[in-house]
Amino acid sequence: MEKVVVGLSGGVDSSVSLYLLQQAGYQVEGLFMRNWDSQLNNDILGNKAINNPICPQEVDYNDAAKVSAALKVPLHRVDFIKEYWEYVFEYFISEYQKGRTPNPDILCNKYIKFDYFLKYAINNYQADFIAMGHYARVQFNQEINEYQLLRGVDGDKDQTYFLSQLNQHQLAKTIFPLGNLTKKEVREIANAQNLITANKKDSTGICFIGERDFKNFLQNYIPNQNGLIVDIETKEVVGTHNGIMYYTIGQRRGLNLGGMTEPYFVAGKNAAKNILYVAKSSEEKWLYSTSCLVTDVNWINTLKTDQFNSTAKFRYRQKDIPVKVTVLSDDKCLVHFDNKVKAITPGQAAVFYDGDVCLGSGTIDEVYLNDQKLCYL
C-alpha cells in the first residue's frame, strides 16, 4: 500500500484531500506545518490577532487534529519557521525595499510545501507521495516522458499560477486530489462526512502569515521613507509619500492627493530617488506596455524551441493574455504581448500556459512600451 503524507492546514480543502485519499485506498497521515511565529518574527504592527488567547495557527492545528481524529488518521506537526524566513520572507522584504511587488505564495510552494515538506515527509515518514489541497492536476505525458502541471477543472479556483515554479521531481511525488472537483463539490463532500472544516472560511492574506493591515505590517521590517509624489506628465511635485513600497502600479486609492481637478493613479516608481510617479485618470496611457523581460524562469517541461506562442497571466485572477515568448537563456525570456496590456508590474509573476498545461513562470523584471523601458523602477 502506497503511503501519502497530506499537508493538513486545518481548512476544508486539505481535509477533503485527506478523506479522498483514504477512500482511494492509500495509507494516509497528516502533517501540519507551522511556518510563522509572530513573537519571534516581530509581527506586531498590523496584527490584529497578536493578543488573542489562541493564535490563528493553533486554531487551525486544533481543526486539523479534529479532522484527523474523525478519520482515524495520525497527525504530525513540524516547524519550518527558520526556512520560511530565509527562503520566502527575506526575499519578500527585499523586493518591497526595491519598490517591487513580490508574490510570496509562489516561493512558499517552491521552497516550503514542495521542498522542505516533501523531504521531511519522505525522510521521516517514508512517504511515497505528498498531497496538498490545491486545485490543480498532474499527469504523466508518455509522448514527452515528463510530468505536466494542468489547471484545475474549477476555473475560479485553479491554483497553477502559484504552483508554476515546481519541477519534475516535485510533480512526480505530488498528488492533488481536488484537481477534478469544484469548490462547491469539495464543501458538499466535507458536509456529507460531517468534517468540522466543511464551512470554514478560506484562509486569506500572506501565505502562512494571514491577514494583516499591510502598510502597518511592513513597518515592522521596513522603516518609513518619505519622498516626493511627481506627476509623470508635467514633472510637477503634487504631494509626498512615506514609502514607495506601500504602492502598486495602477493603484488609485490611498494617495491622499486632495484639491486636484481629477483623481490620480500610480504610474511608476524610482526606487533610487524614492519618487512615486502618478498620472491623472484621463492619462491611462502610462499604464500600458507592449513587452516585458522575465527572469528567474522555471520551465516545467523541456522546451522544443526558443520562440513560441502561448498565453500568460501576470496576476492571479487575470484572463489569459496571448503572448510571444523569446527564450534568451535558461532562466530568462522576453515576452511580447499581442495587444497592449495594462499594469504589468515588476516583481510579480509571469505564468505561461499552453491550453490547460502550465509551462512555468518567472519574475517580471523590466517593462517596455515599444522597446522603451518604463519608469516602474
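Start by selecting His241, which sits in strand β9, a strand covering residues 237–241. Keep in mind along the way that this is a predicted model.

Is His241 buried or exposed? With a relative accessible area of 4%, His241 is buried, because that value is under the 20% cut-off.

The His241 side chain reaches the backbone nitrogen of Gly243, at 2.9 Å.

Next, bring up the surroundings. Which residues does His241 touch, leaving aside those up to four places away in sequence? One run to display is Gln225, Asn226, Gly227, Leu228 and Ile229, which are among the residues His241 touches.

Asn274 belongs to the loop between β10 (264–270) and β11 (275–280). Take a look at its backbone: the phi of Asn274 is positive, about 60 degrees, although Asn274 is not a glycine. Asn274 also counts as buried, because its relative accessibility is 13%.

For the last stop, move along to Ala343. You will find Ala343 in the loop between β15 (332–342) and β16 (349–354). Check the backbone here as well: Ala343 has a positive phi, near 60 degrees, in a residue other than glycine. How does Ala343 stand, buried or exposed? Its relative accessible area is 13%, so Ala343 is buried.

Technical notes:
Residues are numbered from 1 along each chain as its sequence is written. This is a predicted model: local features need pLDDT of at least 70, side-chain atom pairs count only at pLDDT 80 or more; totals for chains, interfaces and linings use all residues. Side-chain values use heavy atoms; hydrogens and water are left out. Helices (H or I, at least four residues) and strands (E, at least two) are DSSP runs, numbered from the N terminus. Buried means under 20% relative accessible area, exposed over 50%, partly exposed in between (1.4 Å probe, protein chains only). A polar contact is a pair of N or O atoms within 3.5 Å; within protein, one must be able to donate a hydrogen and the other to accept it, and residues adjacent in sequence count only if both atoms are side-chain atoms. Contact means heavy atoms within 4.5 Å.
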